[in-house]
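Work through the exercises below with the structure open. Try each task before reading its solution.

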Amino acid sequence: MAYKIRVILDVEKDVFRDIVVNETTNLEDLHFFIAKSFGFNGQEMASFYRSNNEWEQGDEIPLFDMSEDDTDISMSNCLLNHVLTKVGDKLIYVYDFFSMWTFFVELSEITTKKEKDLPKILLSFGFPPEQAPEKKFKADKSYDDYNEFLDSDDFEDLENIDDNDFYN
């Protein structure tokens with residue numbers, strides 16, 4: 001089977017690629033194909049993140065297994081059909097952690113039609129800007145100063161470190 005996937009670059013102007021890949025493609029190969037289809041060399045660190053319908057970032061699937069015994073999930077040991085199982089399933093792809101190029105990856109169609117020469121680009125729209133847009137990170141709540149935090153209920157919810165017994 002083949003997967004038709006829309007990959008949208010998170011920038012102000014529309015930039016996306018519609019691609020077709022084999023369902024058993026691993027995420028490492030998908031990473032290289034996405035990077036090259038947007039004009040990147042694919043040599044920077046990257047991760048996929050599981051996502052939901054609201055594009056919330058979930059569990060990370062890193063480029064490399066960082067565990068000591070090579071048993072953690074990584075792009076090379078994770079097949080596409082294990083993370084995208086039905087039309088509408090989503091991933092977030094972050095390329096180059098210094099620039100934080102962010103992509104939204106959505107499975108748009110599963111086809112049984114025999115496709116040749118996969119992976120391939122079906123549609124290419126727009127061009128990435130010279131530089132990645134600046135990401136704005138925000139917390140659920142913000143405080144104007146330290147004293148405001150100390151006076152809040154959030155501070156009272158913190159555990160007292162003295163209550164922990166680290167020796168048992």
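**Exercise 1. Is Phe-103 buried or exposed?**
Solution. Take the relative accessible area of Phe-103, which is 0%. Compare it with the cut-offs: buried is under 20%, exposed is over 50%, and partly exposed lies in between (1.4 Å probe, protein chains only). Phe-103 is therefore buried. This is a predicted model, where local features need pLDDT of at least 70, side-chain atom pairs count only at pLDDT 80 or more, and totals for chains, interfaces and linings use all residues. Residues are numbered from 1 along each chain as its sequence is written, and side-chain values use heavy atoms, without hydrogens and water.

**Exercise 2. Classify the pair of Phe-40 and Phe-103.**
Solution. Rings of Phe, Tyr and Trp (its six-membered ring) pair if their centres lie within 6.5 Å; planes under 30 degrees apart are stacked, over 60 edge-to-face, the rest tilted. The whole structure holds 9 aromatic pairs. In this one, the centres are 6.5 Å apart and the planes meet at 85°, so it is edge-to-face. Next, locate the partners. Phe-40 sits in the loop between α1 (27-37) and β3 (46-51), and Phe-103 in strand β6 (residues 101-111), so the pair ties together parts 63 residues apart in sequence. Helices (H or I, at least four residues) and strands (E, at least two) are DSSP runs, numbered from the N terminus. Phe-40 is buried too, at 16% relative accessible area.

**Exercise 3. Which residues form the aromatic cluster?**
Solution. The cluster consists of Phe-38, Phe-40, Phe-48, Tyr-93, Tyr-95, Trp-101 and Phe-103.
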